[in-house]
Amino acid sequence: MNHLRELLTVVAFSVLTAFAASRLPDLESDHAFERWIDPTTPSARLYEEFRENFPSDQFILASVTHDPPFDPSHFDLLVDAVSRIEELEGVARVSSLPTLFRDVFGSEDVADLAAEVSSAPFYDRLLISDDRRTLGIFVHLSSATGAAERARVVREVRTVLEKAGVADAALVGPSVLNAAIDEVSDRELRASLPTAALLSTLALLVLFGALRPVLIALACSAVTVIGTLALGDLLGWKLSMISTALAPLIWVLSLSGSTHLLASYRRLRATRPREEAIRHAVVEVARPCSLAAATTAIGLLSLTASGFRPIREFGVLAGAGLMLGVIVTFGLGRSMLALVDTTPASRLDLGVGRAAGRLAAASARHRWLTLAVAGVAIAAGTSALPLLSADSNPLRFLGPTERVIADYHHALEALTGLSPLEVLIDEVGGVDDLVQQPHLDELAARLASEPGVAKVVSPMDVLRKMNQWHHDLEADRYILPTADRVEDVLANADPLFAAELASMHNAEAGKARLTALVTPLESSDFLALAERFQDHIIAGGLVGRAHPTGTVLQLVRSQGELVRSQLRSLGVALVLVFMSIAVGLRSLRMTLLSLAPNLVPVVWVFASMALAGIPLDPGTVMVAGIALGIAVDDSVHLLTAVRRARLRGVRPLEAVRSSAEALGPALCITTFAVVAGMAALLGSAFVPIHYFAVLTTAAMLVALLADLTLLPALLRGYTPRPRVR
Amino acid sequence: MMSRLGTAVVAVLVAGGAAARSNSAIADAGRNYDLESATRILAELDPEARPRLVIDAALLVAELERIEFEQTPTSEGVARREIGERIDAAARRGLDLVELLAESSESWRLRADLIGTLIRSKYRGKRHKARMERASATAIELDRTNAKAYVSAAKPDVLKPGRERPDIEKGLALIQRALELDPELESALLLRGHALWELGDQAQARASWTQALSLNPACRPAEQWLESGPPENPRL
């Protein structure tokens, strides 16, 4: 045995891994919503037009409840806070009654401010609640602000409010929710991943019954994951919410490869010298491992056809990671085996193998019963699929104990809707034209009548308020100014209201916007609301001139398209995977036999989601892909083993039993080690991580069960044709 | 009869002398920007005996308090409101008494200036500006040589933020008229400096404030504005 060569291999991998690990701190994650908007779609172009003509629709809302609300000393605190918030980088402006109190009422006449607020509905359900106890401070963010900057502004706004003595302010809005989701997901991953890794390692220790094979398996998986992530960094790619599935996927599949090598070696080591056992083990598992990795990688590469860049990047990285896993297993894993050796298979290993063999043999013996049960399971799973919903509500990502969720409920109940749905209106002309278009007002009233719409902010309301101020605040002058008085009203308008009007009406471009503040809805309900907005636009005679748009609508549409795109990719992946199996095994019959066992986990992942009420979203839909990868991995190993046994002339039942017995330990070790790790994530407060753990566990167990029961039953009748050389 | 007449004459002379002393004291307090003295004089004066003096004292107190108010940042709400209440109290006292004066250009000018001290925010501008403009216009109408009335009329045009420049130029024309009538009118020189500063002519603005300071070395606003410019958001 050339120990020097093996040592050099280990050193080379160590050096490369150290280099790769040094890149990981530079690896950035970018959860910006802009990454999930396909800029080529008509709705994205409309949204871009909206953003070109109006300031950003991103805001932070601080909802502050105080009794009595118009308490001068409380307003002093808020004025102080608002003044500091206005100075923060990334803040475009602040709309609030404290701002009005400071700029227009000179921080003096709070009772007069209260009278002004009650004189017209202008401020209602926007800057003050109907019960007059809760104030809303809208912090408008500048359009150039990116996701990281928005998160920073959220933190700074919270700090300012705390320092100003308004620590009980409820901070809400899309930017706040995104920042909270990032924070909670990072926190949960930091807290649960070490536990998951520990539990997974403990499970490996128990199942292997020795430390050395565990170290080899863990080293192979760790090197593969680090290498894959570093590749992402070298390519200049950023992690996204989809990429969170990357590390577990690579970990699981690479663990599977190295476990097969180790299990095979340990089995052979009982009867052969170390060098020979290694050589035979490599010969035995190299082909199925490479084939399994290649098929899954090809399936994942189908994601490169997606319209979303993060999905394309995920496909490339995951595919590359799988192939890297093969190299690491048969490079580093093999060399480590040569250097450290391991004990032969333990009694537990042998026991697990025998149990797997018996299960496979029993399933094959009672093939019709097995097929019937599997058929019923597939039918049951398929029948549950219509219950699957593609809805998504980011509020459900976080547990009810998270502060931002309590804040959302408070702000929603007390104040207003928090999801803006914009209507961009063309050809409205200047302000003097705007006041002569009653249908815009009618449209605003129609939109406001929709359930779920808390408030519609319109430029006409700003003009009414300006007119009222122009006429010395007389309440009965809260009406639109006549066209001939518009110029006068504008010339004497307070800059505060002028800025408000400019944010709603772009006089130069002749465009206006109506902003409907909507309560949180399921994505399908939000889309339905946008459809009804379209109906109102048609009924209001504004066809072709008014269009629903906005960040939230874009995200909801993108998310739907994302799910559809991933489902399409999954379909393409299925075809590619089975084509790869067919090419790899050079057997159409084996490929057809492997169809059902590989589809069962996918069907059951979706069925579990449907039955548990877990919606199909960009995160959960990834698990189906992982399920497919795991199932294919297991079945390719079994198919190869059975085929080899049958070619050696072993009888069908015995071929199935002995193959399952040989592969059982590896299949079970991989599955139970991952399931043990996932158990640590089941209690996560970040709901997508919880769902990921539940579904991956289900997928792994179903894949194992299908490969040890359904596949043997199907393979019982398989007789390979001898290859003609 | 004679003795009674004599007593009456003496009383008038005494009263006249006291009035002259009070008038002089008010003028001194105004000249020195001495809020404490002005407040004491206002408290000591009998409104029934000398309403005009009380009005002058009330206006002085309101205007001097106003300087304090402008120097108090908006973040100090409690302090601003306390000063504001004192300004309002003095101004309302003056406004109540000005109704008792015979109609004249000066009574309307006093009315305009007293209302002006009430206007410390845009909101208050909305509430009081029209009354102030009417009062200053009436003062000018009744006496076109009342220099102070032109300054009162110029204030809304010069000090209202966010208005167009022509308004400042209109205000500047009124101030020029006031200075033609009284070249040493301190309030006109201060306001002219302010208008010129707003128009971007800092050199001329400084020249105007320097002139006010040379005429009255105790002119605190001129001193401060020469050092650091006028307040950013002045009202009336």
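I looked up Leu418(A) and found this residue in the loop between α14 (403-414) and β5 (419-425) of chain A, where helices (H or I, at least four residues) and strands (E, at least two) are DSSP runs numbered from the N terminus. The model is predicted, so I note that local features need pLDDT of at least 70 and side-chain atom pairs pLDDT 80 or more, while totals for chains, interfaces and linings use all residues. Residues are numbered from 1 along each chain as its sequence is written, and chains are lettered from A and ligands numbered from 1 in the order in which they are written.

Is Leu418(A) buried or exposed? Leu418(A) is buried, because 23 other C-beta atoms lie within 10 Å (buried means 20 or more within 10 Å, exposed 12 or fewer, partly exposed in between, with C-beta atoms placed from the backbone). Pro520(A) is 102 residues from Leu418(A) in sequence, yet their C-alpha atoms are 7.0 Å apart.

Next I turned to the two chains, whose contact takes 21 residues from chain A and 15 residues from chain B. On the side of chain B that touches chain A, α4 (77-98) and α6 (122-142) each give two or more residues, and α4(B) has the largest share, with five residues.

Terms used: Contact = placed C-beta atoms within 7 Å.
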